[in-house]
Amino acid sequence: MTIAYLVALLMVLVDQIIKKWTTSSLQLHESRSGIDGLFDFYYIRNEGAGWGILQGRMWFFYVVTFVIIVYLIYLIYKHRQGSLFLKCTYGLLLGGAIGNLIDRIINGYVIDMFRLTFMNFPIFNVADMALSIGVVLLIIQVLMTEDTEGVL
C-alpha cells in the first residue's frame, strides 16, 4: 500500500473518531473547552461548504467530491514513484475528501467541531484541516516544480 493511501486512511480514521466523540459528548451547538486562547469544541452540522456556502446542495457535493476522489486516485497511481512530499499531499487531500463525503452520505451534513477562539473563523473538522494543509502543500509543490504535469 502506498504512503498516500496510508495517510488518507489515517486522516479518515482520526476524522471519524473525533466526529464520533463530538456527537456522543456534545449536544448540537454545545461547546466544551479546548486549548485556552486557541480553540474550543463547538458542535455544528454543516449542510454546505466552508463559510456555509451552497447550503443544502448535497447533490453538488456528491458529484464534485466523487470527481475529486477519482482524480486523486489517478494522481496517486500516476505519481506512484513520486516524492514522499507529493504522496503525503495527495493522501491528505484524499483523506479529507473521503472524511467529509462519509458524513454527507451517512448524515446528510458534515459534522464540524473546532472553533477558533482568537479570531472569527468558520468552525471546521479534521477532514477540513487535511484538505487545507493538502492544498497549501500542493501549491508549494506546484511553485517548486517547473513542469506542473509532474504534480497535476
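Helices are DSSP runs (H or I, at least four residues), numbered from the N terminus.

The model is predicted, so local features need pLDDT of at least 70 and side-chain atom pairs count only at pLDDT 80 or more, while totals for chains, interfaces and linings use all residues. Residues are numbered from 1 along each chain as its sequence is written, and side-chain values use heavy atoms, without hydrogens and water.

In H2, Met58, Phe61, Thr65, Ile69, Leu72, Leu75 and Ile76 are buried (under 20% relative accessible area, 1.4 Å probe, protein chains only). Down the helix axis, the buried residues of H2 fall within an arc of 125°, so they line one face. The arc is taken from the directions from the axis to the C-beta atoms. On the other side, Trp59, Phe66, Val67 and Tyr77 are exposed (over 50%). The buried residues of H2 pack against H1 and H3.

The largest nonpolar core has 14 residues. Such a core is a set of buried Ala, Val, Leu, Ile, Met, Phe, Trp, Tyr and Cys residues joined through side-chain atoms within 4.5 Å. H1 (3-25), H2 (58-78) and H3 (84-107) each supply at least two of its residues. H3 gives the largest share, six residues. Tyr90 touches Leu72, Ile76, Leu138 and Val151, among others (heavy atoms within 4.5 Å). Another core, of eleven residues, lies apart and includes Leu26, Phe39, Tyr109 and Val126.

Notes
Lists of a residue's contacts leave out its neighbours within four places in sequence.
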